[in-house]
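Subject: Structure handover

Hi there,

Here is the structure I promised to pass on to you. Have a look at it first, and then read on for what I found.

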Amino acid sequence: MISLPIDDSLESILSSARKHQNLIVSASPGSGKTTRLPPRLLELTEKKVLVLEPRRIAAIAAAARISEERKWTLGQEVGYQIRFESKLHENTRLIFLTEALLNRKLISDPDLSEVGVVVLDEFHERSLHVDLALGLLKELQQLSRPDLKIVVMSATLQVDPIRRFLENCSVHEVPGQIYPLDHIYLKTSQKRQTGPEFTEALGKQIRQSMALLPSGEHLLVFLPGVGEIDRLQNHLGAWATEQGHVLLALHGSLSLEEQKRVLEPQSRSKIILATNIAESSITIDGVRAVIDSGLQRRASIHPKTGFPQLELVRISKSSATQRAGRAARQAPGKCYHLWSSMDELSMPDQEMPEILRSDLAEALLFLAAQGVRDFHAFSWFEKPTSESLQKAISQLQLLEAIDQFQNLTETGRQMLDLPLPPRLSKIMIEATKQQVPHLGAEIAVLLLERDSLKNRIHNQGQECDLSARLEILRQGRHPSFQRALQSLERKLPRTPARTSTPQDEVKSIRFLLLKAFPDRLCRRRKKADSRGLMIGGRGVALESSSVVQKSDFFISLQLMDGLSSSETKVSWACGLTREEIVEFSDGAVQKESWVEYDPDNKKIVRKTATALKIPNVGTLPLEDVQTSPASSEEVAEHLPGVAAQALNEIQKENELLQKWLQRYEFFCRTHPHEGLNDSQWKTALQQASFGEKSLQNVIDKDLIYFVEAQLDPGLLHQFRSDCPERITVPSGSSLEIDYTGELPSLSVRLQEVFGWSETPKIFSGKVPLTLILLGPHYRPVQVTQDLASFWKTGYVEVRKDLRSRYPKHSWPDDPLTAPAQAKGRRRQ
């Protein structure tokens, strides 16, 4: 075996592990922590050692690397277990597994009686499952397994919070990488859009980088998402073939077989276009250079709607370190950072933990299985918000997985036997009751696996995106789908399946989907309109790729909230009829009268109609609705909640609030402060809504007053001081500072800053304003953060160019001593 940095520290780490209950290992990328330490941990126990990895490919690659280095047989001494696939023996003692599987092991064996050590690798990624695992393992140590050892590992750890949480903990920091790494930054600011210009610039960078790489060495390129990878593959495909390079993609939407191709040895140079799936845990042999876009598409749950959203955001400094480290794992390497060193100063130190931005329903179901009733009191490493916990509780109660006291129900226990999220488990349970278990399994796997068929689906009158995909997948040309289906069917009880016609199958699909997604039922606004209204009042819009074209009612299956639109985009749906809704809803359809918000008029109104009503979710009318004005008492009761839900709309329409938010967001980026939370926004909007009759009245108010009232007085004073709204220039004019960009800027006429020798700074003199100097025609003539240099060099050229065109304005030889002028005058 080749020598790695961690080798010299192994004996010291093992010695500490024998004396302490818990261990923290912080080691640089490429140090060997994932492959060298776990086999040695077997010396601490006669039981099994479990190593949790954030991704399937990482678990497989680590197990394979260890078996190769130690001349072990994969599946005997060392093995792996991922969802729907495993390679291990009952006597295998070192097992790599994806993080979610540990929680399932705790269900079948709450004491982990066969396990001596659990390793949480790449903890810095802070997935929901690893946070949950850490809390469960800590409680297990305290209650019944003081002999169980927990090892937390990463290259970019914040050690102190983990040490305080675990107690009785030894910390080891393994010194640096063994190969030098050259960091290359842009001289210009980072591009935050990923359109054609981004693709063109990145393609140029890749071609330049490959020209410097020796033949047979590889380039790893980190991109935000699948769309950017596809566009870059199309852009570079012909050139890569001509040059003899192998162009590969690596992202979570690919099958496991396609992901494994990236790890296979290749004599030709590879260009690997990857998302953050390649950020940690796996080593791709031969990578000597990395290009990092510095961007990622981060999935999260919209705090207001509870639906998924995908944001294009900058990565953290810890992610940048991980990505760069891929280039110097086996030899000296280079990392091309597509941002400037100034940009890096405003990057967050760590990623936002998944537990603060994810659906918690599956996590709470696991906790309920462990006997937890008060989810707020659980030993969270970082506690989720009360709102996200309540949303998850409501979802589990809707699916009948827990009762009103948060006790696990029989349905909840059945869900835990299936390797699926709660909604998909509900489909399987109902399918078994209806004697269509195979159909239920097909639907569950389709919804679980990423969609690789979207470009091959055509509308053939099914009015259901699932039906169209089932026809293709049943042809058997997708081995990963078939394997997942077979694995899932092994979990099903042996019950007779009833024979059915195609019409019966369509009806069964609709029934099963409504049982699992009752809160996603929508009504089309009008014929041939892609827009609809979801139960509870949320607006939705079917994407053009959906085959649901005519149905008046449909269930939203795959949806995504945009960052600016007030409507949720629906890519997968299934249409159904009014009669089916009545039949499937167990008496929940009846004549209803309710109060809701009318978005067209921005008013609270009372509506009456035959409707489907789901407690704690809302009401969906199944016929034309009669509308009447709500009473003043009803308006007073409902308007604050409406205002809180319409936060994005309010911010968009209230220009003054929008500008204030831009200032405050900059303040939060440069100051250790998390910003306004949901509770503060809710309180501010409740106060602003008092006595008003419509949402428009709220929007038109001075909302800054109500928002600033939620801030700590000391913090508010510091915000106003560090990030002033306006600045007085030498001419005496008070001008507004623009906070829309990465750095604040000031647009000002050149004549108004005569006498300013240095660039003005804010934030206690730490942040220079970007000065956009305007000519008499109010167009930019210079953009600078170094005013002193401009006076010495650039001003002469500007004066020469504009003096004859605008003779009435002042163009002194020495602008530092000339009086500043707010208006133009005849030159003396």
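Predicted model: local features only at pLDDT ≥ 70, side-chain atom pairs only at ≥ 80, totals over all residues.

Helix α3 itself runs over residues 56-69. With 14 residues, it reaches 20 Å from its first C-alpha to its last, close to the 20 Å expected at 1.5 Å a residue. The helix is mostly covered, as 10 of its 14 residues are buried. Among them are Ile-57, Ile-60 and Ile-66, along with Ala-58, Ala-59, Ala-61, Ala-62 and Ala-63. Ser-67 and Glu-69 are buried in α3 as well. After the helix comes Lys-71, which has a positive phi, near 60°.

The C-alpha trace spans about 100 × 75 × 55 Å along its principal axes. Of the 828 residues, 55% count as buried. Among contacts with a separation of 6 or more, 69% are between residues 24 or more positions apart. The accessible surface comes to about 37,300 Å², and carbon and sulfur atoms account for 48% of that. As for charge, there are 105 positive and 104 negative charges in the chain, and their mean positions are 4 Å apart.

One is Leu-746, which sits in strand β28 (residues 745-749). Its relative accessible area is 0%, so Leu-746 counts as buried. Leaving aside neighbours within four places in sequence, Leu-746 is in contact with Ile-727, Val-729, Leu-735, Glu-736, Ile-737, Trp-756, Leu-769, Thr-770, Leu-771 and Ile-772. Take Thr-770 from that list: Leu-746 and Thr-770 are 24 residues apart in sequence, and their C-alpha atoms are 6.2 Å apart in space.

The other is Arg-104, in helix α4 (residues 99-108). Why does Arg-104 count as buried? Its relative accessible area is 18%, and the cut-off for buried is under 20%. Not counting residues up to four places away in sequence, Arg-104 touches Glu-362, Phe-366, Met-415, Leu-416, Leu-418, Pro-419 and Leu-420.

Finally, some backbone angles for you to check. Most residues other than glycine have a negative phi. Gln-435 has a positive one, near 65°. You will find Gln-435 in the loop between α15 (422-433) and α16 (437-448), and it is partly exposed, with a relative accessible area of 33%. Asn-616 also has a positive phi, near 65°. Asn-616 belongs to the loop between β23 (603-614) and β24 (618-621). Is Asn-616 buried or exposed? At 76% relative accessibility, Asn-616 counts as exposed.

That is what I have for now. Happy browsing, and do write back with any questions.

Best wishes

How values were computed. Residues numbered from 1 in each chain as written. Heavy atoms only, no water. Helix = DSSP H or I, 4+ residues; strand = E, 2+ residues; numbered from the N terminus. Expected span 1.5 Å × (residues − 1). Buried < 20%, exposed > 50% of the residue type's maximum accessible area, 1.4 Å probe, protein only. Contact = heavy atoms within 4.5 Å. Areas by Shrake-Rupley, 256 points an atom, 1.4 Å probe, with all protein chains shown as cover. Lys, Arg positive; Asp, Glu negative; His and termini not counted. Charge placed at Lys NZ, Arg CZ, Asp CG, Glu CD.
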